[in-house]
Amino acid sequence: MAGKAPLFINGKFISAGPTAVHRVALELVKALAPLISDRELCLLVPPGPAQLANDPGIPARPVGRLKGTAWEQISLPWHARGGVLLNLCNRSPLVLRNGLTLLHDAQAFTAPRSYAFSGRLAGQWQARAAGRRQLGLLTVSEFARSELVGLGLAPAERVHVVPNGADHVLRAQPQTEILARLGLAPRGYALALANLMPHKNIPLLVRAFARPALAGMTLVLVGGTGRAAFAAAGVTAGANVVFPGYVNDGEMRALQENALAVCTPSLTEGFGLPPVEGLMLGTPAVIAPCGALPEVCGPGALQADPHAPSAWEAALLRLRDESGLRAHLAREGHAFVARFTWQAAGRRLLEVVDTVAPG
């Protein structure tokens, strides 16, 4: 194939749970598949029947006998010899040289309270090794790139930005039945992810929705962290906070499309998919002016102080009450995020690969 080295992909994520990082990896692999014709492209996966729980759209080759971290650190680099290995989920073999690793953010360093000590230490260790040994680092925003460079993980010319796509939300058929099931009226609720990691700052939203002016509006917190977990963390959610748990893609699209806004009060984000997904569907965002959120949401978002519940109250009331504001933000934001497609991400990733490993 024109003498180019094979392109191998670390497929450990294929049998993993449905996280945002794993979705990004799967979408990037699918986007790469139709773009590569001059070199072998293969997903290296651990052994076992669960390896194709997600369809990667390219050949998957089970290799080795180990599993988990041992597979990634020992079996994977051995079977990737002679090729370029892409690692799309923050982690990679410590001994790897001929490869690239996608670090979605620098939060193992900048938001240490959000991670257990062992996970934080492993993340820092692997990030430093990847930046020092490999062909380069990948990341998802200019903000994340500036943090990785500022931490000294790699010089600026070796950190390459591959923005996420968000057009996967357009593939799901909206399942609007979830609105009736949760007792929601279109534009009568705000949407956010249920998460207690400190840097996600979701308790701020719960406090905002305890304010009297928002008593008639609902906060929908989607995900596996429920009311009991919030209460155990000392965060008491009022009756106007709804926890539907995990939802499927069609239900999520219906919730995103019909929300007054998607709220993201994070103190830092490497990218921030939820508000960009909302903007792709025509729903404006309310964001903290932190991390990459202003960069990726552009003119489709109102910004609110991440330490002031009253600021989030005011932003949501503006969206509800100011004639034309929501439509204006939705229109401007949709046009802005139209650039964030997986096809564009795949082309950019291939451009980086061909630059750092042309032969």
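**Exercises on a cavity and salt bridges**

In this predicted model, the largest cavity is lined by L191, A192, L193, M252, Q256, V262 and P274.

**Exercise 1.** Work out which elements give two or more residues to the lining of the largest cavity, and how the lining residues divide by class.

*Solution.* Two elements meet the condition, namely β8 (189-193) and α9 (249-258). Of these, β8 supplies the largest share of the lining, with three residues. Sorting the lining by class then gives six nonpolar residues, one polar residue and no charged ones.

**Exercise 2.** Explain which parts of the chain are tied together by the salt bridge between D38 and K4.

*Solution.* Begin with the contact itself, in which the two side chains meet at 2.7 Å, N to O. D38 is placed in the loop between α1 (20-32) and β2 (41-45), while K4 belongs to the segment before β1 (7-10), so the bridge ties together parts that lie 34 residues apart in sequence.

**Exercise 3.** Determine where the partners of the salt bridge between R23 and E27 lie, and decide whether E27 is buried or exposed.

*Solution.* The closest N and O atoms of R23 and E27 are 3.9 Å apart. Both residues lie in helix α1, separated by four residues, or about one turn of the helix. With a relative accessible area of 5%, E27 is buried, whereas R23, at 26%, is partly exposed.

Methods: Residues are numbered from 1 along each chain as its sequence is written. This is a predicted model: local features need pLDDT of at least 70, side-chain atom pairs count only at pLDDT 80 or more; totals for chains, interfaces and linings use all residues. Side-chain values use heavy atoms; hydrogens and water are left out. On a 1 Å grid over the protein atoms alone, a cavity is a set of points where a 1.4 Å probe fits but cannot get out, and a pocket is an open set with protein on both sides within 12 Å along at least five of seven lines; lining residues have an atom within 4 Å of a point. Ala, Val, Leu, Ile, Met, Phe, Trp, Tyr, Cys and Pro count as nonpolar, Asp, Glu, Lys and Arg as charged, and the others, Gly among them, as polar. A salt bridge is a side-chain nitrogen of Lys or Arg within 4 Å of a carboxyl oxygen of Asp or Glu. Buried means under 20% relative accessible area, exposed over 50%, partly exposed in between (1.4 Å probe, protein chains only).
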